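Student: I would like to go through the terms used for this model and see what each one rests on.
Tutor: Then ask about them one at a time.

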Amino acid sequence: MFHVKREEWTVKKNECYEVRITGYTSEGQGVAHVEGMAVFVPRVIAGELCRIKILKVGKTAAYGKLEELLEPSPHRQKPACPTAGLCGGCVFQHMDYEEECRLKAQRVSDALTRIGGIDLGPIAITGSAAVGGYRNKAQYPVGLCGGVPEAGFFRQRSHQVIPVEHCGIQSASADQVRAAVVGWMRRWNVPVYDETAGTGIVRHIFVRCGFRTGEVLACIVANGEKLPREKALVEALHAQVPGLASVVLGVNTRRGNAVLGDRFRTLWGKDAIEDELCGLRFRLSPRSFYQVNRDQAERLYGRALELAQLDRTQTVLDLYCGTGTITLCLAREAGTAIGVEIIEAAIADAKENAKRNGIENARFFCADAGQAAMRLAAEGTRPDVIVVDPPRKGVSADVIEAMAEMAPRRIVYISCDPATLARDLRLLEQHGYRTVHAEAFDLFPRCAHVETVVLLSHKKPDGHIN
Ligand code: SAH
């Protein structure tokens with residue numbers, strides 16, 4: 001193939017070009033081409049004709065910004081949030097939800113064909129009923145703005161705090177907790193954490209809500225074991241947050257970007273809140289993973305369960321199980337369900353969740369998914385179905401190997417990154433599996449992420465050893 005050398009690119013920094021937007025990057029930026037080179041432009045929509053200015057020319061692509069919209073898309077809309085474009089969270093506020101769902105489904109389908117070599121035709125997507133206020137978790141960095149404590153979001157690619165009174169994808173409870181904590185800090189001169197010096201106290205405000213139970217957990221992340229005026233904090237939260245069930249101090253004295261530390265002290269109420277998902281009740285401690293969009297998670301898990309096609313005798317293995325949300329749903333329809341997760345606190349929650357739901361056929365192991373899967377395979381465990389729901393980096397090579405060795409009839413793969421999903425599907429196809437179904441679920445309206453659920457079948461189901 002003809003290869004264009006860098007010095008032959010004619011795209012020039014600071015020059016303006018008229019371009020048609022043809023598609024999107026995985027982060028949601030628009031893609032156009034200038035003289036054969038891909039140019040990435042934020043906040044534009046496929047089909048739009050724009051005048052763009054080139055900000056940077058890289059080795060294989062250039063980066064531009066919108067100067068003038070010459071032909072706007074019918075999907076264009078005014079961003080609802082005054083800080084859209086500043087915080088970097090919602091990248092799709094400039095388009096309607098229909099276009100956002102279309103592009104997310106396209107992204108999944110493109111990844112499957114280009115990276116996975118799998119062509120399943122157009123991919124269906126289930127959009128979220130709620131496009132705003134859907135998040136049950138918020139974490140606000142705390143900083144000084146003009147010498148006054150504030151909480152909001154970091155400006156994109158910086159650690160400057162932008163105060164935000166209301167974020168459109170957050171709940172009213174998150175706003176109420178934020179306002180109560182900021183008010184308490186101002187009233188009692190509670191020091192803000194200074195990340196450069198490592199001094200000061202309050203770092204983050206973390207909020208988690210059980211949308212079904214109405215319970216709210218407020219966690220104040222501090223650079224120390226104690227807060228000044230703890231009683232006044234609890235009183236302020238009580239007065240301003242309906243549904244408050246738990247006030248927790250999270251201790252994080254380490255430098256760096258991690259929000260939560262690993263020590264927690266309950267200042268008032270319960271240590272953890274509860275929520276209901278798929279008809280089961282779950283205990284949620286601050287560190288446990290819980291999908292941020294409850295209603296959509298219920299739909300996604302419901303489909304995963306259908307695809308697993310369990311009868312009450314089968315054994316199902318759920319790798320990367322978190323607090324056991326999916327494992328316990330599976331257990332209700334299986335003979336035995338085994339959950340594996342690396343975070344100890346999540347496994348403790350999972351065991352507790354099994355107990356409180358009266359589920360006796362679920363077992364949980366705290367281990368690395370790859371190591372646990374290798375061990376189970378070596379011990380001769382032969383699950384009928386394996387469900388995996390890994391973090392963004394996908395499953396590790398040893399998980400693929402161990403799954404191939406255990407040779408379940410079906411694998412249900414839930415993924416939050418279409419690119420790593422497609423990479424893993426390609427590997428599983430080389431190990432005797434066929435991807436028979438894929439569909440997308442939007443759990444993150446206005447944001448770039450998309451979830452996918454995939455069913456793989458063993459090409460030779462009779463080769464399955466029981
Ligand atoms: N299935 C759960 C959690 C999915 S999130 C749910 O839907 O609620 C992915 C989970 O994988 C997280 O809980 C994370 O702690 C866990 N994890 C990350 N790396 C892991 C590894 N190497 N082995 C096992 N679990 C891991």
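Student: Why is Glu439 called buried?
Tutor: Glu439 has a relative accessible area of 6%. Buried means under 20%, exposed over 50%, and partly exposed in between, with a 1.4 Å probe and protein chains only. Glu439 is therefore buried. The residue is part of strand β22 (residues 433-441); strands (E, at least two residues) and helices (H or I, at least four) are DSSP runs numbered from the N terminus.

Student: What should I keep in mind about the source of these values?
Tutor: The model is predicted: local features need pLDDT of at least 70, side-chain atom pairs count only at pLDDT 80 or more, and totals for chains, interfaces and linings use all residues. Residues are numbered from 1 along each chain as its sequence is written, and side-chain values use heavy atoms, with hydrogens and water left out.

Student: What makes the pair of Glu439 and Arg303 a polar contact?
Tutor: Their side chains come to 2.7 Å. A polar contact is a pair of N or O atoms within 3.5 Å; within protein, one must be able to donate a hydrogen and the other to accept it, and residues adjacent in sequence count only if both atoms are side-chain atoms. The 2.7 Å between the side chains of Glu439 and Arg303 is within 3.5 Å, so the pair counts.

Student: Which polar atoms of the protein lie by the ligand, and at what distances?
Tutor: A polar side-chain atom of Glu341 is 2.7 Å from a ligand oxygen. Backbone N or O atoms lie by ligand nitrogens at 3.1 Å for Tyr320 and at 3.2 Å for Ile342. The ligand taken alone exposes 570 Å², of which the protein buries 88%; these areas come from the Shrake-Rupley method with a 1.4 Å probe.

Student: What makes a space a pocket and not a cavity?
Tutor: On a 1 Å grid over the protein atoms alone, a cavity is a set of points where a 1.4 Å probe fits but cannot get out, whereas a pocket is an open set with protein on both sides within 12 Å along at least five of seven lines. The second largest pocket has a volume of about 380 Å³. It is lined by 18 residues, and Val142, Phe154, His159, Tyr193 and Glu195 are the closest to its centre. Strands β8 (137-145) and β11 (202-209) each supply at least two lining residues.

Student: How do you know that Val142 and Pro141 are buried?
Tutor: Val142, in strand β8, has 8% relative accessibility and so counts as buried. Pro141 lies in strand β8 too, and its 4% puts it in the buried class.

Student: Why is Asn14 called partly exposed?
Tutor: Its relative accessibility is 48%, so Asn14 counts as partly exposed. Asn14 lies in the segment before β1 (16-20).

How values were computed. 1 Å grid on protein atoms, 1.4 Å probe; cavity = no way out; pocket = protein on both sides within 12 Å on 5 of 7 lines; lining within 4 Å. Points joined across faces, edges and corners; volume = space filled by probe spheres on them.
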